[in-house]
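Have the viewer open as you read.

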Amino acid sequence: MKDTKYLKMAMEYRNAIDALMGNKEFADTVLVGGQVINVITREIYKADIAIKHKYILLVGDCKDLIGPDTTVIDVTGKYLSPGFIDSHMHFESSMLTITEFSRLSIPSGTTTLIADPHEIGNALGPIGMKAMADEIDNIPSNVYLVVPALTPDCPDLETAGYDTNSKDMEDLLNYKNIIGIGELQGFSNAKHVYKNTPEIITDLLASTTYAKSKNMVVDGNAPELFGKELAAHIIAAAGKCSCHETTTKEEAIEKLRQGVYLFMREGSTQKNMAECIKAITEEKMDSRRCILATDDMVAADLETLGHMNEIVKRTIKQGIKPEEAIQMVTINPATYFGLDHVGVLSPGKQADIAIIDDIYEMTIEAVFLKGKLVASQKELLIDLPKYTYPKEVKQSVKIEPITEKDLEIQGEGTTAKVRCIEVIPDQNLTGKTEETLRVNRGIVEADPTKDTIYIACIERYNRTGNIGKAFVKGFGLKEGAFAESVAHDTHNILVTGTNIKDMTIAVNAVIEMGGGIAISNRGRILSEMRLPVGGLITDELDGHQVSEKIAELERIITRELGCKIHAPLMHLSFLALSTSPAWKITDKGLIDVNNFKILSPVIK
């Protein structure tokens, strides 16, 4: 046995057996008198938990395992749960490094994160994904990546910084801390992908079957798919997949019946759990394949609300018993991902434990990670060294400044009928509508009084020079503009505004920063924030500083520009998601997602 990791495990297990069999070994720590949440049997009962090294030694009567050097902690009246798992999330959406995200999430009971580096993958390709995998070695919690098999998701409809496909999979899937393939957005719109770009399916299958040959997971992405199209999507994932894009009870029922692991999303702006959970509360379906996930969480929510504990709390309020809701963030995801060392409180499992004060409010009193007390009373007790990313992931904005003329939308006559994207609050789905606008000297003018403003997507990798232009409703913006290099999923520069001058100023500020967020009004920049890592993440600020800065930016957008929608930066970022119905904007133009077409913003 040459692998020192497994040799150490064998020695630690032997110590554990010696302690259990009474051979002068004792537990390192014993939690006494708590109410254990057994996610295997869905029970709650009084028991102790003994810990040796980083493993659970015994759940039950542990008095014989207490020795002279054992730390005994009285948890009478408290609940003991396995540490929580977020099964699908993107660090990039928080704009935080993995380290800073963990600093905020660990005290709320989250001990395992499964992240899809789809965003940095679109911007930088394998270099960016591997850089994120490297950072995982910097932190104590369990973090794993599932990487995209395809970037961009719709090659005919958008431009990414790097074109990922099956040629990259062997290298990526054999890299450290990577356990599978992430969401298959490239086959989300199954009917139109099959009809228009069938070569994508062949390439995806080369990737997914390779992953399955290595016993790795493949996550699905199947919004509004039923019947044959859903079946085709499942088969593209090599026969087993998840979906976090389910938004209705009917979809949830269909997917559970077809064997899909239902990832019920409840993030900062996309909240689908309450609808999905009706398959359990109303239709009494089995919940073993139901999993809670956030997809996208902002730093402020992590700080003020919590992480998976908050999502469990909301699920309980929908009528799910606490022990069943906790299954959805512990044993259910651990089973799906094949993580047999976490998710359960039983002998030999890793001692990741959340100590809960109020089981209905999900207040976390303390957190154990790998057998060590790492958080208490919402405070992190361990040091997480600040992590700085290498220079090669900080050069993703490669274009020159734009001009006002670049953003103009041409029209004829005195008025023009235009197509508008409609923002739907708390969803990445959008609506579609039409509006009549004034044409002034051949240029179609936005009209804030009709809640109809400009939106544009500027390709930032210097691969095409494309700029997509259209109109959007739903922000309620009265003046000014804001731009960001966060635009799911290809992450070109996205800007919306009431006038072209301010939009141009905001875009050029983002270009000058090498990625970030900028707000402009009346010809000047009001505030900005650098996102140097792939144009998506800051390694210059800690989690609290990011939370404060985003709050400042959103206050300006809301109070000074008049925006009426909460979390406007995240809502804007999803208006470029070309796999999610109905209309979106990419660098190639206004996208009719359902029909796989590029539309003119002006109706001829």
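What follows covers the ground rules, the overall fold and the aromatic pairs.

## Ground rules

This is a predicted model, so local features need pLDDT of at least 70 and side-chain atom pairs count only at pLDDT 80 or more, while totals for chains, interfaces and linings use all residues. Residues are numbered from 1 along each chain as its sequence is written, and side-chain values use heavy atoms, with hydrogens and water left out.

## Overall build

The chain has 19 helices and 29 strands (DSSP runs: H or I of at least four residues for helices, E of at least two for strands, numbered from the N terminus). Its radius of gyration is 25 Å, which agrees with the value near 25 Å for a compact globule of 604 residues (taken over C-alpha atoms; the rule is 2.2 Å times the number of residues to the power 0.38).

Of the 604 residues, 62% are buried, meaning under 20% relative accessible area with a 1.4 Å probe, protein chains only.

## Aromatic pairs

The whole structure holds 9 aromatic pairs. Rings of Phe, Tyr and Trp (its six-membered ring) pair if their centres lie within 6.5 Å; planes under 30 degrees apart are stacked, over 60 edge-to-face, the rest tilted. F91 and F101 pair edge-to-face, at 5.3 Å centre to centre and 85° between the planes. F91 sits in helix α2 and F101 in helix α3, so the pair ties together parts 10 residues apart in sequence. Both F91 and F101 are buried.

Y261 and Y336 make a tilted pair, with centres 4.7 Å apart and planes at 50°. Ring pairs link Y261, F263, Y336 and F337 into a cluster.

Conventions. Buried means under 20% relative accessible area, exposed over 50%, partly exposed in between (1.4 Å probe, protein chains only).
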